[in-house]
Amino acid sequence: MRKSFYHIAALLIAALPAFTSCEDFLDKEASNELTGKQTFSSWTTMEQFHIDTYNFLLNGECRVGSSWLDAATDLAETSIATSGARTGFNIGNYYSDAAAAELTSLWESRYRGIRKCNMLLERIDSVPKAADDSYELYETHKNWYKGEARFMRAYFYWELFLRYGPVPLVTKTLDPDGDLLTGYTERPSVKDYVVNFVIPEIKAAEQLVMDKASSDLAGYQGRINKDICRGMLTRIYLYMASPRYSAESGITWQDAADMCKSFIDDYGSHYRLMPDYGNAILSTTFSQGNTETIFFRSDVSQGWSSYGFSTDTPVGEGGNGGNCPSQNLVDMYDMADGSAPFSSYDATGAPVYTNGTPSVDAASGYDDAHPFAGRDPRLKATVLCNGDIWNGRAINVVAGMADNPRGNANATPTGYYMRKYMPEAILQNIHTGTAYRNWIIMRYAEVLLNYAEALSEANFTGNYATVCNLLDTIRHRAGITGNVAERPDLASPEAMRAFIHKERTVELAFEEHRPWDVRRWNVAVEALSRPVYGINVAADGTCTRKVAQNRVFSERMYLYPIPETETWKTNIANNPGWGNN
């Protein structure tokens, strides 16, 4: 991590704001040439420096070498032969250059973001107030910025933890022209890292940052607020109560449930599920009245060639296929009446496969020759299936037809294309339309799912009715007609666990939860080493299953290897199975 002095991404700052006000906080640009002394000599330049930290929030669309991280799970296969998912994760090559944006670059960029937070926290008290600000406003904004910096620092450490496990905790500004980890090679325990640092930092940040009413005002939209802090705590507590971490963290399922309940009690009135599941992703908080989004990265309205729109569009529309959903994902959707199409499911949330085929529950009405007929409406809001109307034409993946032409290397390998995150507006007027494609980091549906999972694990019998009601809230919004409590197959803790894992997967598909969920559940080897399945579609529309891609995933891949440059420079202990241990 040898760096010259910090650089403020002025172009990115100008590009970021889909926040609609012309006075939006991300509209402010900062000079790349300022020294630290100059930056913190005035409130305006300090503010610009701080706001640039929001540029470090990730956008998951095509981020991993032209592929999505979910294409490195059982949810999808990318059609891009040179993509990071395909040449890295899916064949077990965790040193792939194409996957570096996920496997190695995040180490450097997270620590760079952390350095910015440390610098602000060390220097903000010495920054003079703006001449036209009152002393009261100066103190209020200073507390906001301190809270935002503490939240961001903890959040960046959380992102590092998910990938590399506990890494050195640096809380002061280090020499940017030296090795930024000199003297910081000790790796803390899970408890010291998450329970004793990340969680207290976010709790402290919640007391300092603005409330949601303030963050909804023009000029503040998108800023870290109290709701975001508490929402992130529901996620972290859930993870720490999960099988992979609970013994080390000491956090229980009841602790996680209590944290979720505190969010619902204190902040739940600020949110409600969007009536249309598709609009929970495609509409923006500000311009279209989204009532579900809690935390997101906002970007400007984009055209056909920007932010992976053309990459992820069906080849029949002139796109490159991109993130193609798997039959594995399609298999996880229930029927529209709420019944299960298959006889049994495992802890990965997927049906149990025998020779690549799950056992059908005949009473459900499911037909394996027509696998997407009569299913949970979220399927069609997430996946483009053969015959679906999109941009005024029917998707056709029959061999030799528009979306599966012979000789096109980017035609879907699974028989499906992605619908979620793909607004049709971009296709208007011969692909000259524009649309927002904001990256959702957290929405209210996740909090409800977090609560349902924690309650079910804490006390299945005592919390059964509440768990069913929480799940029904999410499923009925999607258009499912049946009630969870009416399902006799969900009468045991084990069956409900598999069901909740399945429900979480389909609700949050392609929102970058699956890679971390299967790890925290301790089922990543089972989920990610099984083949990715797809379908062939005949001219009469009937489907047959196929193996789209065989996958590699072993125990050591639960964590990424520490980047080689860091282990060479510092001799920091690498993760198990990756050498230098």
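Modeller: Arginine 477 and glutamate 507 are joined by a salt bridge, with 2.9 Å between the closest N and O atoms. The arginine belongs to helix α18 (residues 460–478) and the glutamate to helix α19 (residues 493–507), so the bridge ties together parts that are 30 residues apart in sequence. Keep in mind that this is a predicted model.

How buried are the two partners? Glutamate 507 has a relative accessibility of 0%, so it counts as buried. Arginine 477 has a relative accessible area of 11%; that is under the 20% cut-off, so arginine 477 is buried too.

Now step into the loop between α18 and α19, where arginine 487 has its place. Its relative accessible area is 9%, which means arginine 487 is buried. What does arginine 487 touch, leaving aside residues up to four places away in sequence? The contacts are Asp334, Gly338, Ser339, Ala340, Arg475 and Phe499. Take glycine 338 from that list.

Side chains of opposite charge can pair when their charged atoms come close. How many salt bridges does the structure hold? The total is 48. One of these links arginine 223 to glutamate 148, with the closest N and O atoms 2.8 Å apart. Arginine 223 sits in the loop between α9 (212–215) and α10, while glutamate 148 is in helix α7 (residues 135–164), so this pair ties together parts 75 residues apart in sequence. Arginine 223 and glutamate 148 are both buried.

Aspartate 265 and lysine 261 make a local pair. Their side chains form a salt bridge of 2.7 Å, N to O. Both residues are in helix α12 (residues 253–267), and because they are 4 residues apart, about one helical turn separates them. Are they buried, exposed or in between? Aspartate 265 has 49% relative accessibility, so it counts as partly exposed. Lysine 261 is at 38%, so it is also partly exposed.

Which way does α10 run against helix α8 (residues 190–208)? The two helices pack at an angle of about 160°, with their axes 8 Å apart. That angle is over 145 degrees, so α8 is roughly antiparallel to α10. The crossing of α8 and α10 is left-handed.

On the α8 side they are Val190, Val194, Val198, Ile199, Ile202, Lys203, Ala205, Glu206, Gln207 and Leu208. On the α10 side they are Lys226, Cys229, Arg230, Met232, Leu233, Ile236, Tyr237 and Met240. By class, this contact has 13 nonpolar, 1 polar and 4 charged residues.

Helix α10 (residues 226–241) also meets helix α17 (residues 444–458). Their axes come within 10 Å and cross at roughly 30°. That is under the 35 degree limit, so α10 and α17 are roughly parallel to each other. The crossing of α10 and α17 is left-handed. From α10 come Thr234, Arg235 and Leu238; they meet Glu446, Val447, Asn450, Glu453 and Ala454 of α17. The residues of this contact divide into 3 nonpolar, 2 polar and 3 charged.

Last, two backbone angles. Most residues other than glycine have a negative phi. Cysteine 62 has a positive phi, near 60°. Its place is in the loop between α3 (43–51) and β1 (76–78). With a relative accessible area of 15%, cysteine 62 is buried. Asparagine 571 also has a positive phi near 60°. This residue is found in the segment after α22 (564–570). With a relative accessible area of 58%, asparagine 571 is exposed.

Methods:
Residues numbered from 1 in each chain as written. Predicted model: local features only at pLDDT ≥ 70, side-chain atom pairs only at ≥ 80, totals over all residues. Heavy atoms only, no water. Axes fitted to C-alpha atoms, helices over the stretch in contact; angles between N-to-C directions. Parallel < 35°, antiparallel > 145°, perpendicular 65-115°, else oblique. Left-handed = near helix turned anticlockwise from the far one by under 90°. Contact = heavy atoms within 4.5 Å. Nonpolar A, V, L, I, M, F, W, Y, C, P; charged D, E, K, R; others polar. Salt bridge = Lys/Arg side-chain N within 4 Å of Asp/Glu carboxyl O. Buried < 20%, exposed > 50% of the residue type's maximum accessible area, 1.4 Å probe, protein only.
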